[in-house]
Amino acid sequence: MDVSTASYIAGFLDGDGSIHFQLVRQKEYRFGFYIRASISFSQSTSARQGLERIQAMVGGGGYMRDRGTGMSDLVITSRPLLLRILQAVEPYVIFKEVHVRRALAILPQLDRVRDPEVFLHLARQVDAFATLNYSKTKRISAVDVEQHLRSKGVLCPCNDFFASNSEEMASQDRTFDPQTPVEAIRRQPLEIG
């Protein structure tokens, strides 16, 4: 994406766009949920052709949705395309600067999550991200994910570190990196005598 296109898309995203992460129930998935990431651009249905031009500008991905309220949306959910768009617009966004930065931190972590604790931590990041959008319609939260994982017996109480520290980490805009080594807990033998 060239500079003029990226800066135009950034301005449109700042004004009439949004970035979302949602927890979606899916029984067939490993953890009973998955995380859907999306960018949407909104405009009056009478100006839908402008959204179609934006769709072509970003590589032709996504789909058009007419809401029936006189508004239409271009919705993009492909993670590789989301990454490319967000990386391209990052230097130019103003109002959505924090949204873009946090989305770029979360997106790469979504691929091939095998550990339930890591998935739960990501679910908490999704909850924290929703506060940026002032979302009022959020139905599923990390609490639902945690309850489900505990009911399946895949979380142990010793991993409540993430629960107690996730808000602090989100406020500091840090992300959990499962590749970073964590110092082992060493138990000392009991003293006798």
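Helices are DSSP runs of H or I, at least four residues in length, numbered from the N terminus. The legends below describe close-up views of a predicted model.

**Figure 1. Salt bridge between Glu 146 and Arg 150 in helix 6.** The side chains of Glu 146 and Arg 150 meet in a salt bridge, with an N to O distance of 3.0 Å. Both residues belong to helix 6 (residues 142-151), where a spacing of 4 residues separates Glu 146 from Arg 150 by about one helical turn. Glu 146 is buried, at a relative accessible area of 17%, whereas Arg 150 is partly exposed, at 32%.

**Figure 2. Network of Arg 48, Glu 52 and Asp 66.** Salt bridges with shared partners join Arg 48, Glu 52 and Asp 66 into one network. Within it, Arg 48 pairs with Glu 52, and the closest N and O atoms of this salt bridge are 2.7 Å apart. Arg 48 and Glu 52 both lie in helix 2 (residues 48-57), 4 residues apart, which is about one turn of the helix. Arg 48 is partly exposed, with a relative accessibility of 23%; Glu 52 is also partly exposed, with a relative accessible area of 37%.

**Figure 3. Salt bridge between Asp 73 and Arg 65.** An N to O distance of 3.0 Å characterises the salt bridge in which the side chains of Asp 73 and Arg 65 meet. Asp 73 has a relative accessible area of 1% and therefore counts as buried, the cut-off being under 20%. The model contains 7 salt bridges by the rule applied here, among them the Asp 73 and Arg 65 pair.

Terms used. Residues numbered from 1 in each chain as written. Predicted model: local features only at pLDDT ≥ 70, side-chain atom pairs only at ≥ 80, totals over all residues. Heavy atoms only, no water. Salt bridge = Lys/Arg side-chain N within 4 Å of Asp/Glu carboxyl O. Helix = DSSP H or I, 4+ residues; strand = E, 2+ residues; numbered from the N terminus. Buried < 20%, exposed > 50% of the residue type's maximum accessible area, 1.4 Å probe, protein only.
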